[in-house]
Amino acid sequence: MAYRFKKQIFGFMDLLRFKKMIPARRKHLEEGSAAPIPKTYRVNETAAILHPGCRPATLERIVTETADTKTYTFALSAPMFFRAGQYVTVQAKVGDSLVQRPYAISSSPYDALREKRLSVTVKKAGFFSDWLFDHAKEGDTFMIGDPSGDFYHDGVRDREHVVAIAGGSGVTPFYSMAQALNEGSEDFDLTLIYGARTKADVIFAEKLEMLKSDKFRVVYVLSDESAEGCESGFITAEIIKKYAPSAQFTAMMCGPQALYTFADKELAKLGVTGKYVRKEANGVGNRDVKPATYRLVVHIRDEKYEVEARAEETLLVAMERAGLNVPSKCRAGGCGYCHSKLVSGKFTIAGADKRRLADAKFGYIHPCCSYPDSDIELIVPMG
């Protein structure tokens, strides 16, 4: 409400009050705090933690977990908030290519929020992971994207008991959840059924054992050997029922597609289907087609680039290989972060079309899961 000056009956009274304004103001200033005005405000600091964007981070430590798996711990420049189960993108310059890949966070939420540290656990199984294994060293600087994905426990959406079905390096998000339960940043019941070939292939074996509690239980299922304290074979309905007698649970799966296909059928035997089965999406890889090369024209703001697009690679990979800074997150077509306007050309989508109806209607595609079938022209947002 605006201040309204109340006019006095006698005009000279207004003049006297006006003359007292300066001394009164000086008095208030003298009584005020000498503390400097803050340069930032808590609401802005909180927003930066919740929505950090892509920021530099220093590789602080590399730990070998198994013969083909390593954990990379980064020192963040500022605190970060995430939900246990989410992922971040890790970006680096590899030769002439600007490459980034999504990796599930394997550290706890408190580590990122209080200690400004974040870890990802990577299996050597692709171009960027091979480069990390062979060339990344402590002290290197990477770009870390903001936490993304909805592969975490939601009290409204999910049941109180979660049966986590993991295969190989798919244990990573569940290891983060187990830590979150231990530190108190999450509160639900978690039964982890972890499938691996042999006991030597189990990632975080000792750490998972140390985290066992009334909130967290872990079962190992080995397909290629028998070991004391472990189940043998595959993750069947019988094994799931043995450790989760009541079917009143949400199943969360992370691992290769073969695991999803098999476990879907086993869970259906227990009546666990539909919204009670959730899977972490796997990134799109190369397709098996006859080799061909196409011309890809890319518009990013006022710049125009012409790059080579191979028929077996996604459009995103073609742009990354050319060193273009383009947006990407899930690399599975689900998040829509990379959606770009198709000007001309033909393409094939890997798997199901996960675009929003509006994107499909107005000619937007997801380069992360789209392969070129002709010359292509795209308008791409800045990465």
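**Ground rules**

I am working with a predicted model, in which local features need pLDDT of at least 70 and side-chain atom pairs count only at pLDDT 80 or more, while totals for chains, interfaces and linings use all residues. Residues are numbered from 1 along each chain as its sequence is written, and side-chain values use heavy atoms, with hydrogens and water left out.

**Entry: aromatic rings**

I went on with the ring of Phe142. With Phe74 it forms an edge-to-face pair, 5.5 Å centre to centre and with 75° between the planes. My pairing rule takes rings of Phe, Tyr and Trp (its six-membered ring) with centres within 6.5 Å; planes under 30 degrees apart are stacked, over 60 edge-to-face, and the rest tilted. Phe74 sits in strand 2 (residues 69-76) and Phe142 in strand 6 (residues 141-144), so the pair links parts of the chain 68 residues apart. Helices (H or I, at least four residues) and strands (E, at least two) are DSSP runs that I number from the N terminus. Phe74 is buried as well, with a relative accessible area of 2%.

I then found that Phe74 and Phe142 belong to one aromatic cluster with Tyr103, Phe128 and Trp131. The structure holds 8 aromatic pairs.

Next I checked Phe151 and Phe174, and both are buried. Their pair is tilted, at 5.7 Å centre to centre and 55° between the planes. Phe151 lies in the loop between strand 6 and strand 7 and Phe174 in helix 6, so this pair ties together parts 23 residues apart in sequence.

**Entry: nonpolar cores**

Phe174 turned up again when I listed the largest nonpolar core, which has 46 residues. Such a core is a set of buried Ala, Val, Leu, Ile, Met, Phe, Trp, Tyr and Cys residues joined through side-chain atoms within 4.5 Å. Those with the most contacts inside the core are Ile165, Phe174, Leu192, Tyr194, Leu208, Phe216 and Leu267. Elements that each supply at least two residues include strand 7 (161-167), strand 8 (189-196), strand 9 (216-222) and helix 9 (257-269). Helix 6 gives the most, with 6 residues. Apart from this core lies another, of 25 residues, among them Ala57, Val88, Trp131 and Phe133.

What does Tyr194 touch, not counting residues up to four places away in sequence? I noted Ala166, Val171, Asp201, Leu208, Val219 and Tyr220 among them, where contact means heavy atoms within 4.5 Å.

**Entry: the sheet**

Ala166 came back when I looked at strand pairing: its bridge partner in strand 8 is Tyr194. Strand 7 and strand 8 pair in the parallel sense over 7 bridges; two strands pair if DSSP finds at least two bridges between them. I read the open sheet as 6 strands in the order 10-9-8-7-11-12, with parallel pairing. Strand 10 and strand 12 (277-279) are the edge strands, and each pairs on one side only.

**Entry: charges**

How many salt bridges does the structure hold? I count 28, taking a salt bridge as a side-chain nitrogen of Lys or Arg within 4 Å of a carboxyl oxygen of Asp or Glu.

Arg117 and Glu60 meet in one, at 2.7 Å from N to O. Arg117 lies in strand 5 (residues 117-123) and Glu60 in strand 1 (residues 55-66), so the pair ties together parts 57 residues apart in sequence. Arg117 is partly exposed at 33% relative accessibility, and Glu60 is partly exposed at 30%.

Glu231 and Lys242 form another, with the closest N and O atoms 2.7 Å apart. Glu231 lies in strand 10 (residues 231-232) and Lys242 in helix 8 (residues 237-243), so this bridge joins parts 11 residues apart in sequence. Glu231 counts as buried at 16% relative accessibility, whereas Lys242 counts as exposed at 54%.

For Asp150 and Arg157 I noted 4.0 Å between the closest N and O atoms.

My cut-off here is NZ of Lys or CZ of Arg within 6 Å of the ring centre and within 35 degrees of the ring normal. I found the charged end of Arg159 over the ring of Tyr276, 3.5 Å from its centre.

Technical notes
Buried means under 20% relative accessible area, exposed over 50%, partly exposed in between (1.4 Å probe, protein chains only).
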